[in-house]
Amino acid sequence: MLIEQAALADVLVLTPQPHRDGRGLFTRTFDAHEFDDFVGRPGLAATFIQDSQSRSHRGVVRGMHGRAGRGEAKLVRCAHGSVHDVLVDMRPNSPTFGAQQSFLLDDTDFRTLFVPPGFLHGFQALSPVADVCYRIDRPHDPGEDISIAYDDPDLAIAWPQPVTAVSDRDASAASWKELLAALGLGS
C-alpha cells in the first residue's frame, strides 16, 4: 500500500496495489499496521469503530459536512463507481485553514482518504451509481453535526457535473461566513 501526504495538512491518501488477473482483481483496501507505522501512532487504526456506506446517483452532492467538539477522523473510499471528493480544512490553527482539495475516488484505483478531525467533507457522484464507504472513529452525535452549503460562494467548490440532488439539510446549510463567526473568526 502506498501512503502519501495530501496538500492539506494531516490528510493522507492511501492507494492499494491490486493484484489483477483474468478473474478480476483482489486488493487489500486497508492495512492497520502499515497505516499506524506511517503515522507513527501505534493503535490509531484500532480507534475506527463505525463503518457506514452511502449510495448516490450521478450528479448527487452530499456535503459539506463536519463535526463540532472533538470532531471525527474517518477513512473514506469509493467501493463502486466514482466520486469527486472534496475536503475543506476548518481547523483555525492549521497551516491550511480554509483551503480545499479535491480527490478522485473510484473503484479502479481504490484510493482511501484519511480525513483527520476538523475537516468539512463532501462529494459528488460521477458515475451512474456510486457507493462510498466511511470508517469513523467516534459514535455519531447529531448534536455535533455541521453543514456548510455545498454551493457557498466563499468556498466556490468546483463541482465537475451539474448538481442533480441534495438533501434538505444540505440545501438549507449554513454559509462559510457563518461557520467562521461561530468559531470566533468572522467579522
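Two strands count as paired if DSSP finds at least two bridges between them. Helices (H or I, at least four residues) and strands (E, at least two) are DSSP runs, numbered from the N terminus. By that rule β6 and β13 pair: three bridges join them, and they run antiparallel.

1. Basis of the note. This is a predicted model, in which local features need pLDDT of at least 70 and side-chain atom pairs count only at pLDDT 80 or more, while totals for chains, interfaces and linings use all residues. Residues are numbered from 1 along each chain as its sequence is written, and side-chain values use heavy atoms, with hydrogens and water left out.

2. The sheet. Five strands make up an open sheet, in the order β9-β8-β11-β6-β13, with antiparallel pairing. The edges are β9 (100–106) and β13 (145–147); each has a single partner strand, so one side of each is left without a neighbour in the sheet. Neighbouring strands are turned by 25° against each other on average, direction ignored; axes here are lines fitted to C-alpha atoms, for helices over the stretch in contact, and angles run from 0 to 180 degrees between N-to-C directions. Strands of a sheet pair through backbone hydrogen bonds, either parallel or antiparallel.

3. Pairing on the β8 side. Strand β8 (residues 82–89) is joined to β9 by seven bridges, antiparallel. Within that pairing, H84 stands opposite L104 in β9. Strand β8 also pairs with β11 over seven bridges, again in the antiparallel sense. Here D85 has F123 of β11 as its bridge partner.

4. Pairing on the β6 side. Strand β6 (residues 61–67) and β11 run antiparallel and are joined by three bridges. H65 has H121 of β11 as its bridge partner, and R62 has F123.

5. Buried means under 20% relative accessible area, exposed over 50%, and partly exposed in between (1.4 Å probe, protein chains only). In a regular strand the side chains alternate between the two faces of the sheet. Which residues of β11 are buried on each side? On one side they are F119, H121, F123 and A125, and on the other L120, G122 and Q124, so that both faces are covered. Counted along the strand (residues 119–125), seven of seven residues are buried. For β6 the count is five of seven, and that strand is also described as mostly covered.

6. T112. This residue is in strand β10 (residues 112–115). With 3% relative accessibility, T112 counts as buried. Contact means heavy atoms within 4.5 Å. Apart from neighbours within four places in sequence, T112 is in contact with L12, V13, L14, T29, L75, V76 and R77.

7. Aromatic pairs: F35 and F114. Rings of Phe, Tyr and Trp (its six-membered ring) pair if their centres lie within 6.5 Å; planes under 30 degrees apart count as stacked, over 60 as edge-to-face and the rest as tilted. The whole structure holds five such pairs. One of them, F35 with F114, is edge-to-face, at 5.2 Å centre to centre and 65° between the planes. F35 lies in helix α1 (residues 32–39) and F114 in strand β10, so the pair ties together parts that are 79 residues apart in sequence. Both F35 and F114 are buried. Ring pairs also link F30, F35, F48 and F114 into a cluster.

8. Aromatic pairs: F97 and W176. The ring centres of F97 and W176 are 5.9 Å apart with planes at 35°, so this pair is tilted. The pair links distant parts of the chain, 79 residues apart: F97 is in the loop between β8 and β9, and W176 is in helix α3 (residues 176–182). F97 counts as partly exposed, at 28% relative accessibility, whereas W176 is buried, at 9%.

9. Cysteines. A disulfide is a covalent bond between the sulfur atoms of two cysteines. The rule used here asks for a pair of cysteine sulfur atoms within 2.5 Å, and the count comes to zero disulfides.
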